[in-house]
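User: Hi! Could you walk me through how the pieces of this model pack together?
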Amino acid sequence: MPVIASTIMRLEDITAEDLVRADVGFMEVALAAACQGASLGEVPIGAVVVRRGEILASAHNAPITLSDPTGHAEVLALREAARQVENYRLPDATLYVTVEPCAMCVGAMVQARVVRVVFGCADPKAGALGSVYDLAAGRPTNHQFQVTSGICAEKARRLLREFFALRRGA
């Protein structure tokens, strides 16, 4: 997998400007994965798991293709990343996803112990990091992670709008 920010070892070691630049770069990879999913008829959501500046896994939504209700991009990317490191815990990983995760996916992130979640656009119907629910705030779960939102949000939103417009025949 490509390394976009190979000098990034820990969040504390980089400047805010470098972090935003890395976030945009990794989100672009997630957006490319989302486009792959759209070409298969899946809702265009992509996810990338990054550790120490290296991409461990990327995935797109695939519940239709896999006939699997848990086939969300985030879950698939976390599964592959865990296989790559041979550990179900990913405590030094950041998950990038083009759309705000649902409650199921946030639960998977808690179980994987990711350190940070970065998402593009909000999901006003199912978002669980601030839109419908905020599972990262309030009463603490057994694991907390940092959340950054709005990275490449307009691109992610546009992908969704275009996908659903095509499906409606508009």
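User: At what angle do α3 and α4 pack?
Analyst: Helix α3 (residues 73-85) and helix α4 (residues 103-112) pack at about 20°, with axes 9 Å apart. Axes are lines fitted to C-alpha atoms, for helices over the stretch in contact, and angles run from 0 to 180 degrees between N-to-C directions. Helices (H or I, at least four residues) and strands (E, at least two) are DSSP runs numbered from the N terminus. This is a predicted model, where local features need pLDDT of at least 70, side-chain atom pairs count only at pLDDT 80 or more, and totals for chains, interfaces and linings use all residues. Residues are numbered from 1 along each chain as its sequence is written, and side-chain values use heavy atoms, leaving out hydrogens and water.

User: Which residues make that contact?
Analyst: From α3, E74, V75 and L78; from α4, M104, C105, A108, M109 and A112. Contact means heavy atoms within 4.5 Å.

User: Nice. Switching to the sheet, what's the strand order?
Analyst: The open sheet has five strands, ordered β2-β1-β3-β4-β5, with mixed pairing. Two strands pair if DSSP finds at least two bridges between them.

User: And which strands are at the edges?
Analyst: β2 (54-60) and β5 (146-149), each pairing on one side only. Ignoring direction, neighbouring strands are turned by 15° against each other on average.

User: How many bridges join β4 and β5?
Analyst: Four, in the parallel sense, with β4 spanning residues 116-121. V118 stands opposite T148 in β5.

User: Which strands does α5 touch?
Analyst: Helix α5 (residues 153-168) packs on the sheet against β3 and β4, its direction making about 60° with that of β4.
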